[in-house]
Amino acid sequence: MSVVFERPRLTLPVGERDHVLGPATAPVTLVEYGDYECPYCGAAHASVEQVRQVMGNDLRFVFRHFPLSQIHPHAYQAAEAAEAAGAQGRFWEMHHLLFAHQDRLGLRDLIGYAGALGLDLERYVTDVRGHAHADRLREDFLSGVRSGVNGTPTFFVNGIRHDGGYDAEALLEALRSEL
Amino acid sequence: MSDRSHERNDALPAGTLAPAFELRSAPDELVRLGDFSGRRLVIAFYPADWSPVCTDQMALYNEILPEFQRLGAALVGISIDHAWCHVAFAQSRNLHFPLLADFQPKGEVAQAYGVYDDEIGMSERALFTIDEEGVIRWSFVSPIGVNPGADGILASLESMPAAQVPA
């Protein structure tokens, strides 16, 4: 079947707009489309953290939002919370907190996490309640749809969709093959 | 996993008039192709409610529904499941588009569109976009275990001439 179907490519290249961990000069870029309320993404988060440790400066990691809000009622607002924290320079801290508390993503919880991070709460709540980052979330989502993201999590390794597993070992194998 | 569909693709091609249908979306609700006349329609034939790939595919389309609507298109899913089964499946997945029961005679509409698999007794995983005049503009058959995603549907809708918007 792989003969019939070429693996889809990332249609929106990684750029200034993205949340990035790791050096821009890294030989391998891993892009994840994920949903904070999706249990599979929670499992993948742990794998990604392991992989980042092992790969060090050889890896650049990018996270984009793909909330399936009709199945996961808190996913969209959690993504807004991550972006609202990002607007205050704290995207990744919030990202880790959200995956650490996947079963506590109500608005009160989200405000609690912002408080723990010492964010400007008024600005944060205004952003989340006012959907200040809706355009970006839509761009993330549609870029995923156009790149062959059919569910979460979906990974791209150097711009090509990774169709294998997302345990740390499988990801490492795919990433190392690019070195 | 079979990719027979690629060896034998009888799906009605672009340019064909879409065969009419009248199917139940609920035990007391009929949906006809004619209901969509003057609008664009996306039809997603799929093998069965509840199966893992179908569930992902329908959940994805459910999320993308506003984008289909922005491009002037409605969406229906069609499988050989009974209307009662569709109702339960749609409720459990919070689906906001109708699932139509190609149940009696079984698979008749899938046959008409050239996407019924006699061996498994279910429709193939097939997509059609239909324009305002009821003409098929794009069709695609995916291997049964592969979620075709929505890129092809969006590309087809975007390539259609702009809808005549009433003044």
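Okay, let's start with one residue: if we skip its neighbours within four places in sequence, Ser156(B) is in contact with Thr129(B) and Trp138(B), contact being heavy atoms within 4.5 Å. Before going on, a word on what we have here: this is a predicted model, where local features need pLDDT of at least 70, side-chain atom pairs count only at pLDDT 80 or more, and totals for chains, interfaces and linings use all residues. Residues are numbered from 1 along each chain as its sequence is written, chains are lettered from A and ligands numbered from 1 in the order in which they are written, and side-chain values use heavy atoms, with hydrogens and water left out.

Back to the serine. Ser156(B) sits in helix H5 of chain B; helices here are DSSP runs (H or I, at least four residues), numbered from the N terminus. Is Ser156(B) buried or exposed? Buried, with a relative accessible area of 6%, where buried means under 20% (1.4 Å probe, protein chains only). Its side chain joins that of Thr129(B) in a polar contact of 2.7 Å. By that I mean a pair of N or O atoms within 3.5 Å; within protein, one must be able to donate a hydrogen and the other to accept it, and residues adjacent in sequence count only if both atoms are side-chain atoms.

Now the interface. On chain B, 25 residues are in contact with 16 residues of chain A. Together the two chains bury about 1600 Å², 59% of it on carbon and sulfur atoms; that's the accessible area (1.4 Å probe) that two parts lose on being put together, summed over both. Which three residues supply more than any other three of the area that chain B buries against chain A? They're Leu60(B), Glu63(B) and Asp151(B), with 31%.

The rule finds three salt bridges across this interface, each a side-chain nitrogen of Lys or Arg within 4 Å of a carboxyl oxygen of Asp or Glu. Arg146(A) and Glu158(B) meet in a salt bridge at 3.0 Å, N to O. On the chain B side, helix H2 (52-70) and helix H5 (151-159) are the elements giving two or more residues, and H2(B) gives the most, eight.

Last, confidence. Chain B has a mean pLDDT of 91, and 92% of its residues reach 70 or more; pLDDT is the predictor's confidence in each residue, from 0 to 100. Residues 1-6 of chain B are below 50. Where pLDDT is low, the predicted coordinates should not be read in detail. The model scores ipTM 0.85 and pTM 0.90.

Conventions. Buried means under 20% relative accessible area, exposed over 50%, partly exposed in between (1.4 Å probe, protein chains only).
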